[in-house]
Amino acid sequence: MEQDDPGEALAELRGRRLGARELLQAAAGSGLAAYAVWALLLQPGFRRMPLRLQVPYVGASARQVEHVLSLLRGRPGKTVDLGSGDGRIVLAAHRCGLRPAVGYELNPWLVGLARLHAWRAGCAGSVCYRREDLWKVDLRDCRNVSVFLAPSVLAQLEDKLQAELPEGARVVSGRFPLPTWQPVAVMGEGVDRVWAYDFPRGGLAGKASPGPSSASSPGPSSSQAG
């Protein structure tokens, strides 16, 4: 029996046009691969919380991180990032002198990635990443809070902040503003915009100066999803 020439077979394969069945198989394979990535990296953090409280991970941009630090820089006390993802905000906060800096993230893969980043930066023993549901974190000793969450959960977050934050605390929300709180400073444009809120609302902290001179005055503004 005469053997096929591998070169001819390869040329024939390259010259073939994919039919509907082949295209469908390729699409199914791509979808399966995407699902596998989601199941491994994102789903472990979602299994333990109700659907209405789930927040998909979208990493903060360098500009967003810069704006958060500008609104928190120089403030004393514990700094926390609720839903810290790969840990970039916590690491940057530690580097600019906001200490201690702690990140809370439910997804174990992202916690591991954050710890890897900290180790590579030589800060493994200085920053802390905890695998914990942000809704169960005790905020009574947190003076600086960073959040990049979906608008669907921000109303409930307001209730948690109102119940737990100490007097004089500051909250910085990225991408979306808190629905009913009045910001003391706004920085950035579009998806890079962040809002700063001092607690308690309407108290002495709420009358503090807006912070960095580059921050815009509070007022009506539109926001976009990241």
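Pro200 sits in the segment after β7 (194-198). That is the starting point for a walk through this predicted model. A cis peptide bond links Phe199 to Pro200. Its omega is about 5°. The model has another cis peptide bond, between Arg99 and Pro100. There, omega is about 0°. Pro100 belongs to the loop between α5 and β2.

Now step back to the whole chain. The protein has seven helices and seven strands. Read from the N terminus, the elements run α-α-α-α-β-α-β-α-β-β-α-β-β-β. The chain has 226 residues, and 42% of them count as buried. Contacts across the sequence are also worth a look. Take the contacts with a separation of 6 or more: residues 24 or more positions apart account for 66% of them.

The strands come next. Seven strands form an open sheet. Their order across the sheet is β3-β2-β1-β4-β5-β7-β6, and the pairing is mixed. At the edges are β3 (128-131) and β6 (185-187), each of which pairs on one side only. From one strand to the next, the twist averages 20°. In general, strands of a sheet pair through backbone hydrogen bonds, either parallel or antiparallel.

Which way do β2 and β3 run relative to each other, parallel or antiparallel? Strand β2 (residues 101-105) and β3 run parallel, joined by four bridges. Within this pair, Gly103 stands opposite Tyr129 of β3. Recall that Pro100 lies in the loop between α5 and β2.

Is Arg131 buried, exposed or partly exposed? Its relative accessibility is 43%. The side chain of Arg131 has a polar atom 3.0 Å from the backbone oxygen of Leu106. Ser84 gives a further reference point for Arg131. The two residues are 47 positions apart along the chain, and their C-alpha atoms are separated by 9.8 Å.

Arg175 lies in the loop between β5 (170-174) and β6. Its phi is near 75°, a positive value in a residue other than glycine. What of its accessibility: is Arg175 buried or exposed? The value is 7%. Buried means under 20%, so Arg175 counts as buried.

Finally, turn to the helices. Helix α4 (residues 62-72) packs against helix α5 (residues 88-95). Their axes are 10 Å apart, at an angle of about 45°. On the α4 side, the contact is made by Val65, Val68 and Leu69. On the α5 side, Arg88, Ile89, Ala92 and Ala93 make the contact. The loop between α5 and β2 holds Pro100, the residue joined to Arg99 by a cis peptide bond.

How values were computed
Residues numbered from 1 in each chain as written. Predicted model: local features only at pLDDT ≥ 70, side-chain atom pairs only at ≥ 80, totals over all residues. Heavy atoms only, no water. Pairing = 2+ DSSP bridges. Helix = DSSP H or I, 4+ residues; strand = E, 2+ residues; numbered from the N terminus. Axes fitted to C-alpha atoms, helices over the stretch in contact; angles between N-to-C directions. Buried < 20%, exposed > 50% of the residue type's maximum accessible area, 1.4 Å probe, protein only. Polar contact = N/O pair within 3.5 Å; in protein donor to acceptor, adjacent residues only side chain to side chain. Contact = heavy atoms within 4.5 Å.
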